[in-house]
Amino acid sequence: NLFIFQTPSAVHKIKQLLKDKPDHVGVKVGVRTRGCNGLSYTLDYTKTKGDSDEEVIQDGVRVFIEKKAQLTLLGTEMDYVEDKLSSEFVFNNPNIKETCGCGESFNI
């Protein structure tokens with residue numbers, strides 16, 4: 001897909017999360033200004049597809065990408081990573097030029 005590829009781990013986790021939310025159709029990815037370097041991704045449940053959202057369907061999981069996030073997500077892999085201390089969705093973006101020391105933001 002042009003925008004985003006979900007790893008099996010991410011697909012499985014989103015399916016699990018949506019199981020308890022029958023009125024939500026998928027998840028929406030956006031970007032927000034944050035941290036010391038500019039941008040950070042957001043992930044929210046969504047009940048509808050926005051007019052300017054790009055929709056990606058993979059293994060039955062629907063991910064909607066907000067218009068302002070679309071350019072920053074080109075070629076990005078969305079993964080779900082669990083270790084002893086945390087579990088989180090991670091966006092592996094080949095286009096990111098630099099990230100900040102706090103790990104909260106990036107710029108392209």
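This report describes the helix, strand pairing, salt bridges and aromatic contacts of a predicted model.

## Helix α1

Helix α1 covers residues 8-19, twelve residues in total. From its first C-alpha to its last, α1 reaches 17 Å, close to the 16 Å expected at 1.5 Å a residue.

The buried residues of α1 are Ala10, Val11, Ile14 and Leu18. Viewed down the helix axis, the buried residues of α1 fall within an arc of 100 degrees, so they line one face of the helix. An α-helix has 3.6 residues a turn, so residues three or four places apart point the same way. On the face of α1 turned away from the buried side are the exposed residues Pro8 and Lys19.

## Pairing of strand β2

Strand β2 comprises residues 26-34 and is joined to β3 by nine bridges, the two strands running antiparallel. Within this pairing, Lys28 has Asp44 in β3 as its bridge partner.

Strand β2 is also joined to strand β5 (residues 61-65), here by three bridges and in a parallel arrangement. The bridge partner of Val27 in β5 is Val63.

## Salt bridges

The model contains four salt bridges. One of them links Lys28 and Asp53, whose closest N and O atoms are 2.8 Å apart. Lys28 belongs to strand β2 and Asp53 to the loop between β3 and β4 (54-58), so this pair ties together parts that are 25 residues apart in sequence. Lys28 and Asp53 are both buried.

Glu66 lies in the loop between β5 and α2 (67-70) and Arg32 in strand β2, so the contact ties together parts that are 34 residues apart in sequence. Glu66 counts as buried at 16% relative accessibility, whereas Arg32 is partly exposed, with a relative accessible area of 33%. In a further salt bridge, the side chains of Arg62 and Glu55 meet at 2.6 Å, N to O. Arg62 is partly exposed at 28% relative accessible area, and Glu55 is partly exposed at 26%.

## Aromatic pairs

The structure holds two aromatic pairs. In one of these, the rings of Tyr41 and Phe91 have centres 4.6 Å apart and planes at 45 degrees, so the pair is tilted. Tyr41 is part of strand β3 (residues 38-46) and Phe91 of strand β7 (residues 87-92), so the pair ties together parts that are 50 residues apart in sequence. Tyr41 counts as buried at 14% relative accessibility, and Phe91 is buried with a relative accessible area of 15%.

The rings of Tyr80 and Phe89 have their centres 4.9 Å apart, and their planes stand at 55 degrees, so this pair is tilted too. Tyr80 is buried, its relative accessible area being 9%.

## Charge over a ring

A contact of another kind involves Lys21 and Tyr45. The charged end of Lys21 sits over the ring of Tyr45, at 4.7 Å from the ring centre.

Note on methods: Residues are numbered from 1 along each chain as its sequence is written. This is a predicted model: local features need pLDDT of at least 70, side-chain atom pairs count only at pLDDT 80 or more; totals for chains, interfaces and linings use all residues. Side-chain values use heavy atoms; hydrogens and water are left out. Rings of Phe, Tyr and Trp (its six-membered ring) pair if their centres lie within 6.5 Å; planes under 30 degrees apart count as stacked, over 60 as edge-to-face and the rest as tilted. Helices (H or I, at least four residues) and strands (E, at least two) are DSSP runs, numbered from the N terminus. Buried means under 20% relative accessible area, exposed over 50%, partly exposed in between (1.4 Å probe, protein chains only). A charge sits over a ring if NZ of Lys or CZ of Arg is within 6 Å of the ring centre and within 35 degrees of the ring normal. The expected span of a helix is 1.5 Å times one less than its number of residues. The arc is that of the directions from the helix axis to the C-beta atoms. Two strands pair if DSSP finds at least two bridges between them.
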